[in-house]
Amino acid sequence: MKTLLKRTALFFALPICISVYFSLPAAADSTAELILSTQCQGGYTINIWRNYQSGELLYRAISPNGNLSLGGGTSQATEGVRVYKFGNGNYEYWV
């Protein structure tokens with residue numbers, strides 16, 4: 001009976017722990033470096049991160065309306081300005 005209870009508890013606890021782990025803010029991520037952080041009107045904070053190993057650009061937006069995390073960004077220098085672009089379906093985010 002005890003073994004069954006332990007297995008049942010593990011079965012329910014594991015998905016909860018995994019979902020909490022993946023929803024941690026990028027600030028707690030030691031695999032990426034912060035390359036841009038900006039505060040915007042309306043309480044938005046936008047952070048651009050670069051993964052140490054893969055070099056992938058990551059977008060993290062934190063706002064009162066919810067959070068958004070995107071990967072696979074590109075970086076381009078145009079007319080002395082660096083532009084970071086991220087896509088999500090039909091939407092593009094430029095920073």
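User: How much of the chain is buried?
Analyst: Buried residues make up 20% of the chain's 95 residues. Keep in mind that this is a predicted model.

User: How are the strands arranged?
Analyst: They form an open sheet in the order E1-E2-E3-E4-E5-E6, with antiparallel pairing. Strand E1 (32-40) and strand E6 (91-94) are the edge strands, and each pairs on one side only. From one strand to the next, the twist averages 30°.

User: What holds paired strands together in general?
Analyst: Strands of a sheet pair through backbone hydrogen bonds.

User: Take E3 and E4. How many bridges do they pair over?
Analyst: Strand E3 (residues 57-63) pairs with strand E4 (residues 66-78) over 6 bridges, in the antiparallel sense.

User: What does asparagine 51 touch?
Analyst: Leaving out residues up to four places away in sequence, asparagine 51 touches Thr31, Ala32 and Glu56. Also, a polar atom of the asparagine 51 side chain lies 2.8 Å from the backbone nitrogen of glutamine 53.

User: Back to the whole chain: what share of contacts comes from residues 24 or more positions apart?
Analyst: Such residues account for 14% of the contacts with a separation of 6 or more.

Technical notes
Residues are numbered from 1 along each chain as its sequence is written. This is a predicted model: local features need pLDDT of at least 70, side-chain atom pairs count only at pLDDT 80 or more; totals for chains, interfaces and linings use all residues. Side-chain values use heavy atoms; hydrogens and water are left out. A polar contact is a pair of N or O atoms within 3.5 Å; within protein, one must be able to donate a hydrogen and the other to accept it, and residues adjacent in sequence count only if both atoms are side-chain atoms. Contact means heavy atoms within 4.5 Å. Two strands pair if DSSP finds at least two bridges between them. Helices (H or I, at least four residues) and strands (E, at least two) are DSSP runs, numbered from the N terminus. Axes are lines fitted to C-alpha atoms, for helices over the stretch in contact, and angles run from 0 to 180 degrees between N-to-C directions. Buried means under 20% relative accessible area, exposed over 50%, partly exposed in between (1.4 Å probe, protein chains only).
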